[in-house]
Amino acid sequence: MKRLLEQRKAGEISLTDEEIYAKIKPKGKRNKADKAMNEATEAKKEAISANEQNKILTKKLQDVERENKDFEESNEEYDIEEDKDEEDIRGNDRRHE
């Protein structure tokens, strides 16, 4: 680590502290802090992804609810017109009798 820090100071390499640590940390061994940090990072990523999916699904649900409301309103208008047409037909039938 000391050698890498000296090389960086001399301008021979341009590694960040994190990159230097990644180069020198023991391979295959992970301490509990590293493991916990990785798990926390993964959990945060999953939470962000779940939140984004929730927003997408909420918007889709709102769109479907809006379409359903529009459909129900147009269906009600159709039913009203159909009832008027049936009344007109009955009225015409009565006049022809």
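**Close-ups of a predicted model**

**View A. Glu81 and Lys84 sit about one helical turn apart, because they are three residues apart in helix α3.** This is a predicted model, and here glutamate 81 and lysine 84 pair up in a salt bridge, with their closest N and O atoms 4.0 Å apart. Glutamate 81 is partly exposed at 43% relative accessible area, and lysine 84 is partly exposed too, at 44%.

View B. Glutamate 42 has a relative accessible area of 40%, so it counts as partly exposed.

**View C. Lys59, Asp63 and Arg66 join up in a salt-bridge network.** For the whole model, the salt-bridge count is five.

**View D. Helices α1 and α2 cross, with a salt bridge between Arg8 and Asp17.** The two axes come within 10 Å and cross at roughly 145°, and the crossing is right-handed. On the α1 side, Leu4, Leu5 and Arg8 make the contacts; on the α2 side, they meet Asp17, Ile20, Lys23 and Ile24. The Arg8–Asp17 bridge has an N to O distance of 2.8 Å. Arginine 8 is partly exposed at 29% relative accessibility, and aspartate 17 is partly exposed at 47%.

**View E. Met1, Leu5, Tyr21 and Ile24 form a nonpolar surface patch.** Leucine 5 belongs to α1, residues 2-9, and is partly exposed at 32% relative accessibility.

How values were computed:
Residues are numbered from 1 along each chain as its sequence is written. This is a predicted model: local features need pLDDT of at least 70, side-chain atom pairs count only at pLDDT 80 or more; totals for chains, interfaces and linings use all residues. Side-chain values use heavy atoms; hydrogens and water are left out. Patches are made of residues with over 30% relative accessible area and no salt bridge: like charges are joined within 9 Å, nonpolar side chains (Val, Leu, Ile, Met, Phe, Trp, Tyr) within 5 Å. Accessible areas come from the Shrake-Rupley method with a 1.4 Å probe; for residues, only the protein chains shown count as cover. A salt bridge is a side-chain nitrogen of Lys or Arg within 4 Å of a carboxyl oxygen of Asp or Glu. Helices (H or I, at least four residues) and strands (E, at least two) are DSSP runs, numbered from the N terminus. Buried means under 20% relative accessible area, exposed over 50%, partly exposed in between (1.4 Å probe, protein chains only). Axes are lines fitted to C-alpha atoms, for helices over the stretch in contact, and angles run from 0 to 180 degrees between N-to-C directions. A crossing is left-handed if the near helix is turned anticlockwise from the far one by less than a right angle, and right-handed if clockwise. Contact means heavy atoms within 4.5 Å.
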